[in-house]
Amino acid sequence: MTAADLPAVLRLERRLFPEDAWSEQMLRGELDDQPRTRHYVVAEDDGGAIIGYAGLAAAGGQADVQTIAVAPERQGQGVGAALLTELLDEAGRRGAEAVFLEVRADNDRARRLYERFGFHRVGLRRRYYQPSGVDAIVMRRLPDGRPPVGFGPEGGRDR
């Protein structure tokens, strides 16, 4: 992801997360730390339109998935899995011993994706997402070398 991608990313961010969307300033701050401690990527359709994006923070042997977002009409087509694969690959390149993330307790689809990739619940942050007050489930993945269940190397659909 580059600064040139921000208008499209912000449109998608506001569409997907109307109550707690990241601001342009927040995203620019994340991009400013690339490649030192951040790694942000976009997914594009065949016409070059941004249909998803994701970001990773990594330092001191630990990585955190900052965000993953996929356009609603493209969900369930492997885009989120491809983005997460890239983040986990980058965490590995950076020598991360563990990868953490928070996921909304009411986002079953995302939680299932993370579980397929070997993430396990390790905590709960009550009323983390504001202003909705939805809890965040904290998840962790330790490296084990296993591929995710139901996602082939050729980028196939979920089974």
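Which elements do the buried residues of H4 pack against? I will come back to that after the overview.

This is a predicted model, so local features need pLDDT of at least 70, side-chain atom pairs count only at pLDDT 80 or more, and totals for chains, interfaces and linings use all residues. Residues are numbered from 1 along each chain as its sequence is written, and side-chain values use heavy atoms, with hydrogens and water left out.

The protein has four helices and six strands. Helices (H or I, at least four residues) and strands (E, at least two) are DSSP runs, numbered from the N terminus. Along the sequence the pattern reads α-α-β-β-β-α-β-α-β-β.

The protein has 159 residues, and 42% of them count as buried. Buried means under 20% relative accessible area, exposed over 50%, and partly exposed in between, with a 1.4 Å probe and protein chains only. Among the contacts with a separation of 6 or more, 55% are between residues 24 or more positions apart. A contact here means heavy atoms within 4.5 Å.

Now the start of the chain. Ala3 sits in the segment before H1. With a relative accessibility of 43%, Ala3 counts as partly exposed. Apart from neighbours within four places in sequence, Ala3 is in contact with Arg28 and Leu31. Ala3 and Leu27 are 24 residues apart in sequence, and their C-alpha atoms are 8.9 Å apart in space.

Next, the backbone. Two peptide bonds to note are cis. One joins Gln34 and Pro35, with omega about -5°; Pro35 lies in the loop between helix H2 (24-32) and strand E1 (38-44). The other runs from Gln130 to Pro131, with omega near 15°, and Pro131 is in the loop between strand E5 (120-129) and strand E6 (134-141). In strand E5 we also find Arg127, which has a positive phi of about 55° although it is not a glycine. Arg127 is exposed, at a relative accessible area of 52%.

Now the largest pocket, which has a volume of about 1,200 Å³. Of the 40 residues that line it, the closest to its centre are Phe17, Ile68, Asn107, Ala110 and Tyr114. On a 1 Å grid over the protein atoms alone, a pocket is an open set of points where a 1.4 Å probe fits, with protein on both sides within 12 Å along at least five of seven lines; lining residues have an atom within 4 Å of a point. The volume is the space filled by probe spheres set on the points, which are joined across faces, edges and corners. E3 gives the most to the lining, with seven residues. By type, the lining residues divide into 19 nonpolar, eight polar and 13 charged. Nonpolar covers Ala, Val, Leu, Ile, Met, Phe, Trp, Tyr, Cys and Pro; charged covers Asp, Glu, Lys and Arg; the others, Gly among them, are polar.

Back to H4. Its buried residues are Ala110, Leu113 and Tyr114. They cover an arc of only 95° around the axis, so they are on the same side of H4. That arc is taken from the directions from the helix axis to the C-beta atoms. As for the opening question, the buried residues of H4 pack against E3, H3, E4 and E6. Just after H4, Gly118 has a positive phi of about 90°.
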